[in-house]
Structure formats: structure tokens, C-alpha cells
Amino acid sequence: MDVEAEEKTVSLPPAVKKYIEKQKAIPGSLIKVLHKVQEHFSYIPRSAAFEVADIMEIPVAKVYGVITFYHAFKLEAPGQHTISVCMGTACYLKGGENLLEELKSMLGVDVGEITPDGVFSIHTVRCLGCCGLAPVMMIGDKVYGNVTKEKLPAILAEYQEN
Amino acid sequence: MSPKKSFRRSLPNTRRIDAMAKLTREALENLRKENVHEEAITIMVGMGSCGIAAGAKDAYDAFVEELAKAGLDDVVIKKTGCIGLCYSEPNAEVAVPGMPRVLYGNVDCAVARDIVKKHIIGKTPLEGPNALRSGENIEIDEKQQRIVLRNCGVIDPENIDDYIRREGYCAIEKALFEMSADDVLGELKTSGLRGRGGAGFPTWLKWSFTKEASSDEKYIVCNADEGDPGAYMDRSTLEGDPHAILEAMAIAGYTVGASTGVIYIRIEYPLAIKRLEIAIEQAKEYGLLGKDILGSGFDFDIEIRFGAGAFVCGEETALLASAEGERGMPVPRPPFPAVKGLWGKPTVINNVETLASIATILRNGGEWFGSIGTETSKGTKVFAVTGKIAHSGLIEVPMGTTFRDVIYTICGGILGGKEFKAIQTGGPSGGLIPADQLDTPIDYENLQALGSIVGSGGMIVLDEDDCVVDVIKFYLEFSVDESCGKCSPCRIGGRTLYNMLRRISQGAGKLEDIPKMKELSHTMQKASLCGLGQTTPNPVLSALRHFEEEFMAHVVDKHCPAKKCKGLVSYRIIPEKCIGCTLCAQKCPVDAIAGKPREKHVIDQEKCIKCGECLKACKFGAVKYE
């Protein structure tokens, strides 16, 4: 839908552009640049990827090659709050999958999708390294440990009020 | 950018880092001798990622507030790294001069306030479940020994002075002024230190290859792309003791003739990145990194490069490609990175834990380190013990410690008193250790003989409720997803193995699948391009070796003994026990249970998604699953 419209509205802010120009001189800085772009937009818009290629004077194909290789880079806008459910081994054993199922049915969306009100999107992550608190999930930067189905409504409510 | 609270500033001799110029050797020595905290009451709050997730920040704020309320401005409150007792986070240690130190667990705001009132003001330590340990050596129990984690949970990782006071930057000083490069190599050789990232390659040999390679430029790369799901010792080390890594990299640089270090770290560890950045900045200001370190003429600088989430980047050649900003695809070896690595130059790649042992080895001598451990595996190893374990957390034990000691003596046994089933070591590249091997001493050779590896040190404990087929399927799914797709044995072989496992877990497995899986696994081990593909089948082979009867139950009897594989279990209502309370029907998320109040209920097997909610809801034991 509206790829054209999106492309018109999204363009790299001067600060990010300046950052990229500075990084351009340092060999092998593409991943760093893409992290910066994603930090700004919370994903990498198509038009931004083209701009990156332009500024860094590299083929767009190379930019997309890197973006699509790594889990961290997203090509679609996430919700206002991203919920990352840990799918590491310890979390898996302690019911991380059930948690994910419950979240999906509570919010009515699948992994990678955004709720109709745009508030949440669900993602899975490999391991947050908080295995002692398994099962773990993260909303934005905040990590929640020992999460149970019963705790979910209260946790989500923290974000829905805003 | 000073993280210190106002209490700190009133302390004698506490320097502001920004006020310091480059250190001379003498100034460094003076700094080491400072003992600013000895006389003061100290509270140390564990603020690693998991501590913070469990609420350590709130506890910290509660301490600060309560201390301020009581007007106690001479109490030192420190943010430290993780002490390793993840099951009891947030943790806080309280030291009152003249009294034994006490380690508290599950410290929420109320407990924090209580500690200030009773322990600090009232001089009576709290008793009960929050008081975990007390005495002199409260970081560890007698079975453990801390070399890698020696500073974690003890120092403030954002304060270089704290590190220096614990003999920090002694080893680099010793190397620069008292040892030749060959002396350092000799010491490492005597120590017997082997790479802690997985393969266990002798560290001194790796360094010597790079030292011998002639080149105008060489690099030291720290692999902090800890990707094994279930292992987090590197995160914890970086968060708790970042300077130890910087010091070790500088020593490596001096030894092999490199002047640039690169830390390749995964972006999922924001706190570790932040603390590394602070540490690098502080070390540069002190002149412990940069040009002419301590006036020795040796230059060494460190930069950080970020990963972006790709397990294959744990493979050396893929890591280097990623550090160069490219797709993280591996290339065939040789040439090895030791000769042709980052930007085509000779490169030492060591993982975090390996580097974390280096400074201590140089300080205490290779012989000392070599006296710890077994014949072939020296020193200590950090393990992340998680899964169905009572006290999950990070432990550091001498090589040669038995699994039984780890599980039962140190980590408190199986969660909820269930039956032990197996330990998965080495993550997706490792294998299962069955119950009859609990008394095996842990070292590289023993684990290899059992069909597993030490790997990065993840130990996932499985209990009787876990199904081996299900867990192995989980690992295969992971490896298949993480395969870069470059070589066909890994790309196609992994997928095929996964599909076979999925069929077996759904009850559609055939007897001939078992030999086929073995054959395919051996092919992958031999023909895959890199370590990822070569080790992907390890969990499968190990499970078939130690738990073949469980596979047979799935394949022949179409039965999952652990009742975990959803395709092989069914939920039914026992009519004699059902009183028609409707609770199960209310809980069922897919409306698969039919029945009127006070009538027997029935589960529609077609609709049932086997979530188990009805079983949990029923108060009369009327739901059975088999």
C-alpha cells in the first residue's frame, strides 16, 4: 500500500545524513550506519535505504543485502511499542512459546504484525541473556522476567493507557 | 557524565576521572594502593541486565532515598555487575566494618528500606529468606573458583579506579616493562589456556601464528557476539568487568605486534556496549589505551563494531566479514584469520571469556593457572546453568568439576524436586549429557567423547517433563534459521533433518528415518563449509545416541513419554469425574469443549489446540492427557 506516499514523507534528517557522511570515510561502516537509521525510524524505510546507498556511493543492492541478512534490521514500521518475546532455550523450556501464543490471541495479531491501533507489534528474539528469569519478554527497552499468562494483561495495560 | 551519587563525592581520595591526566607508572601504583572503601559502610547493588530486569534500579533508588532520609551521607553505594545468582535477583551486598558481610537476594524496595533501617542503622543484619549468605567469601561457595568473574559483582564497572585497585592494569604493565613478547607466549603456553568460545584451541598457539606472520598491520578482535541461546557469561563479564577485556586485548596487541583492537559485539547487549564505551573512554584518559602506554612506546587503540543479529557471525570468518560491514558469510579456511583476517591482515580472534583470564594469568603466572583443572583442560570455566534448575545462574568452576557437583551441590538440584533427565551443553552445536554421566568430570575431551562440546558454556537442564525430540527440534529450527545458506550441506541438510524431526514429533515418523538422520548428519559434519553447518547435526546424533528409546517411542509406538509433543498427546475428560462445572469450557481459548452446566463435558479433538488450559482449570482431576 501507499509506498509512493511513504517515500515522499520519509527522508533522512540532516543529523543522520551528517553522521552517514562522516562514517562514509571509515571502511566497513555500513552496519553502523544502518543501526543509526533504524534508531531514528525504528525500521529502515525504503527511501532511507536508497538515500544511504546514495550518500555512501554504494549499490542499493549491497545495502539491501546487508539489511536482509541480519535479524536486527526491520523493513516495516513496528508498532509504537515493540514486544519482543524471548525464544532462547531456557525461555522455550519454561513456556516462552505458550506466552507468545497467548500474546498473539490477546492482541489478535501474528509475529511481525502491528495491532490495528498501532500500539503494539510482536516480535521474537533469540536470547536476551536473562535466562535466569525465564520466560522473558521485552517491551521497548524494558525487560520483564518470570512472565506468566496471568501477568500479561497488567503488563500490557502499562502501555495501553498512554 | 559521572555516574557517582552524591555520597561518593564526600569520600576522601575519590578522584574525578575527568580531572586526571595520563598516568605514569608511579601514579598507577599509587592509585592501586588507595583503599577508599575500607572504612566506609558499603552497599553494592548488582546492576547487570538481569538484575535491572528484576528491579535492581528500584532497589537502588530505595537505598539512596532511605539513606538520605536517615542523613547517612558517608555510606558508599555502588552499582556493580552481576554476581551470578540470577535466581535471586535483585541482589545486594552489605558490608559494615567490623561485621560479617551479608549478601541479600530478592531485594525489592521494601527489603532495601529494611536493610538500611535494621542492618545499617540498627547493626542487626536481616534474617530469613532474603539473607542468602554471610561471611568473608560470600560471592561463591567452596566448589567454585573465580578467575574470569573475579571482579563481577565486586567493582563498579563504570569506574576505572575500582578496577585498578583490584590489581587492574598490573598485567599490561608487567608485560610492557618486564616481559618480551615471547615471555608472554611462554607464560600462556605454560598456563594451558584454551579458547573458551567453543573449539578449545590453545590460545598461545593462536597468538604465535599471528606473531610470526609478517605484516605492516595486525589486529586483535574480541568476539563478543555471544549467540548461543542460553549462554550469557560474556554479557555478564562485559557488564561487570569491561576493563579486564581491554587490558587483555592490549596484552595481545603487545605480544603479536598489533596496535588496533576491535570488539565485535551484538547489538542486543546495550548495557554491555555502554559500559565498554565508558571503559574505553576512561582507559584513554588515563593513557592506558592510546599512544605510548605508560611511557613504554607501545600504542594500542580499541574500537567497537556492532553485530546485527546473526548466529553464524560466531564463526571467525563470518565475524570478520560482518565487522567489515558486509553480510556475515563464512569463507573456507585456510587461510586462517591468524594469517589473513580483518582487512586481509593477520588477526587474533579471541572470545570474551578467553580474554578475561589473560591478565590474571600474567599476574599470577602460567604455572598457577596450569595447576587448576585437569590434564588437558586447564583453569576454570564459566557456565550459565539454566532451564529446570533450582538456582539458575552463572557459576565458575575449575575444569574437572563433575556435572553432579554443578547441578546438585552448587545449583540446588532440579526445580520443584523433579527427576533429572539430561543437560544440553554447547547449545545448538552441542549435545545431551544423560543421567548416567552425571559423575563425569567436565573438560574438553570428556565432553567430546560423550558427543557434546563445552562450547561457550551454556548448560540447559532438562527434567522429566521435557521431551528430547522436542528440544532437539528446537535446536534444529534455530540452526536452520541461522544458516547463511552459502553451502548446500548446511542449507538443505539442516532443513531436511528438521523436517524429519517435525514428522517424528507429529507421529508421522518412519523407522527408516532414524538411519537416514544419522547418515545425513555425518554428511553435514564432513561437508559443511563452516562450524555452524558442521555442528548443526550434533544435537541429533547425541540424542540418538543417548535417548534412542525415546525416539523409538515416538516413531514406533506413536507416543511421547514426556507428553510434550502436541501431535502425540490428547486431552480427554473422564466422564466419571466430571461434575459439569463448566470451568474448562470457560477457559478453553478455542471453544473446543462442549457441555451444559451439571452435564458431562466433552473435548472436540478436531478443534483442540492442546494448550492444556482445561487441565489447569479443572479442580476435580477430570481432565487427563496422554
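Visitor: Which domains does the domain assignment give for chain A?

Guide: Quick heads-up: this is a predicted model, where local features need pLDDT of at least 70, side-chain atom pairs count only at pLDDT 80 or more, and totals for chains, interfaces and linings use all residues. Residues are numbered from 1 along each chain as its sequence is written, while chains are lettered from A and ligands numbered from 1 in the order in which they are written. With bounds from an automatic or database assignment, chain A gets domain 1 (3-69) and domain 2 (81-160).

Visitor: How many Å separate the centres of domain 1 and domain 2 of chain A?

Guide: Take the centres over C-alpha atoms. For domain 1 and domain 2 of chain A, the separation is then 29 Å.

Visitor: In what order do the strands of the open sheet in chain B run?

Guide: Strands pair if DSSP finds at least two bridges between them; β1 (residues 42-46) and β2 of chain B have 5 and run parallel, with B:M44 opposite B:K78. The edge strands, pairing on one side only, are β2 (76-80) and β5 (131-135) of chain B. The pairing is mixed, and the 5 strands of chain B run β2-β1-β3-β4-β5.

Visitor: Which helix packs on that sheet?

Guide: Look for a helix touching β1, β2 and β3 (92-95) of chain B. Its direction makes about 160° with that of β1(B), where angles run from 0 to 180 degrees between N-to-C directions and axes are lines fitted to C-alpha atoms, for helices over the stretch in contact. The helix is α4 (residues 56-69) of chain B.

Visitor: How are α7(B) and α14(B) oriented to each other?

Guide: Helix α7 (residues 170-178) and helix α14 (residues 352-364) of chain B pack at about 60°, axes 8 Å apart. B:C170, B:A171, B:K174 and B:A175 in α7(B) meet B:A359, B:L362 and B:R363 in α14(B). Angles under 35 degrees count as roughly parallel, over 145 as roughly antiparallel, 65 to 115 as roughly perpendicular and the rest as oblique. The pair is therefore oblique.

How values were computed:
Helices (H or I, at least four residues) and strands (E, at least two) are DSSP runs, numbered from the N terminus. Two residues are in contact if their C-beta atoms, placed from the backbone, lie within 7 Å.
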